[in-house]
Amino acid sequence: KSLGKLVATRMGEKARDRLVAPVTAGVYSAHPDDVDVEAVAPGLSAALTRVGSLSGAVAVLRGEREQKGTAPGSAVEGLVGGMSTLVDALRADLEELGVEIRTGAHVEKLERDGSAWEVCVAQIDVEPSLESPFVPESDVESGTDRDLSITDEGTPESEILRADAVVIATSESAARALLAGHADLGEPALAPEIEIVTLVLDAPELDSAPRGTGVLTVPGSRIAKALTHSTVKWGWLREAAAGRQIVRVSFGSQGEAPATAALDDADAAQLALDQASAMLGVTLRPEQLVAAHRTRHVQAQPASVIGSAERRAAARAAVRAIPGVAAVGAWLAGTGLAQVVPDAVSETDRLRRTLLFG
């Protein structure tokens, strides 16, 4: 079932390392040996049996998908204005439905009280830091991106909310902390830590899009694992940038901490600039850097990793056994909105039916 082993056996290790590994590392943050063939290329095994060669099987699958309009890259789309517009639209819909939304509220504990749940909530400071664009390392572990607002007594202000049902829509680490003592979710998956440095450049030499929409690197050949030329990939962003170029440089992968992790803002930006120069084949000078922004997150283990489906199914079964609780998110559904959204709808509907009909 291993994609890497299949390619190495059929086409050699060089094909695996130089052709397949850049894609699995850049897209899934995983080594090809750990990627499930059927998860990333459904039907490849069957096509291989029919055709007899791996390259022939890939050609057959590609032809079939092109006929259906589902060739690789055909489904890559975005929202004009960026993903934050989805959050704004969701909030507007919820407010129209009369839903109370609380921001800057950190859920510390989840406890069962008879037939209801008690949710312990601490109010936290929601003002973003103007000193640095970085997410503190401790926040990566906890799953929150804001600092606690401490009272004069030295503890966050807390309150208890009671609910008939609770939907946990958090990162895996935060969900596990809340569900500890309520369910055995098994061992957590190994999830890579990723850091992305976004560069805003005054660089007319990039107007020609020297590498198209981006670059995936051969593992070990570069410090960065990937680059996205955002103003080439997204038309709305190109218009908004008003002649400037925006590129995103990604660091970190499976079993590999981001090279920027121990760097300060200036050094992280310089490293990203150096890597962008190497990947784009264009010398970018420090004076061309208009601004830089850095974000760090722990990526949920992709559904394509061998054993991921079984781990997710076991964790999901354990959550479903808890009365009045549902858990959603990429760590259970698999990464990407195409998997997360339908799964969230399905799970919340299951919880609704359970509350109504038992």
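User: Before we start, what does "buried" mean here?

Analyst: Buried means under 20% relative accessible area, exposed means over 50%, and partly exposed is in between. Keep in mind that this is a predicted model.

User: Okay, so why is E347 called buried or exposed, whichever it is?

Analyst: E347 has 2% relative accessibility. The cut-off for buried is under 20%, so E347 counts as buried.

User: What makes E347 and R320 a salt bridge?

Analyst: Their closest N and O atoms are 2.4 Å apart. A salt bridge needs a side-chain nitrogen of Lys or Arg within 4 Å of a carboxyl oxygen of Asp or Glu, so this pair qualifies. The two residues sit 27 residues apart, with E347 in helix 14 and R320 in helix 12. As for R320, its relative accessibility is 43%, so R320 is partly exposed. Both residues also belong to a network of salt bridges that includes R316, D343 and R350.

User: How many salt bridges does the structure hold?

Analyst: There are 21. One of them joins D33 and R16, at 3.6 Å from N to O.

User: Why does the D33 and R16 pair tie together separate parts?

Analyst: D33 lies in the loop between helix 2 and helix 3, while R16 is in helix 2, so the bridge connects parts 17 residues apart in sequence.

User: What makes strand 1 and strand 2 a pair?

Analyst: Two strands pair if there are at least two bridges between them. Strand 1 and strand 2 have 8, in the antiparallel sense, so they pair. In their hairpin there are 2 residues between the strands, and G114 takes a positive phi near 65 degrees. D113 stands opposite A116 in strand 2.

User: How do you know that strand 2 pairs with strand 3?

Analyst: They run antiparallel and are joined by 6 bridges, and the requirement is at least two. For example, W117 has A163 in strand 3 as its bridge partner.

User: Why is strand 2 called mostly covered?

Analyst: Of its 8 residues, 6 are buried.

Notes: Residues are numbered from 1 along each chain as its sequence is written. This is a predicted model: local features need pLDDT of at least 70, side-chain atom pairs count only at pLDDT 80 or more; totals for chains, interfaces and linings use all residues. Side-chain values use heavy atoms; hydrogens and water are left out. Helices (H or I, at least four residues) and strands (E, at least two) are DSSP runs, numbered from the N terminus. Buried means under 20% relative accessible area, exposed over 50%, partly exposed in between (1.4 Å probe, protein chains only).
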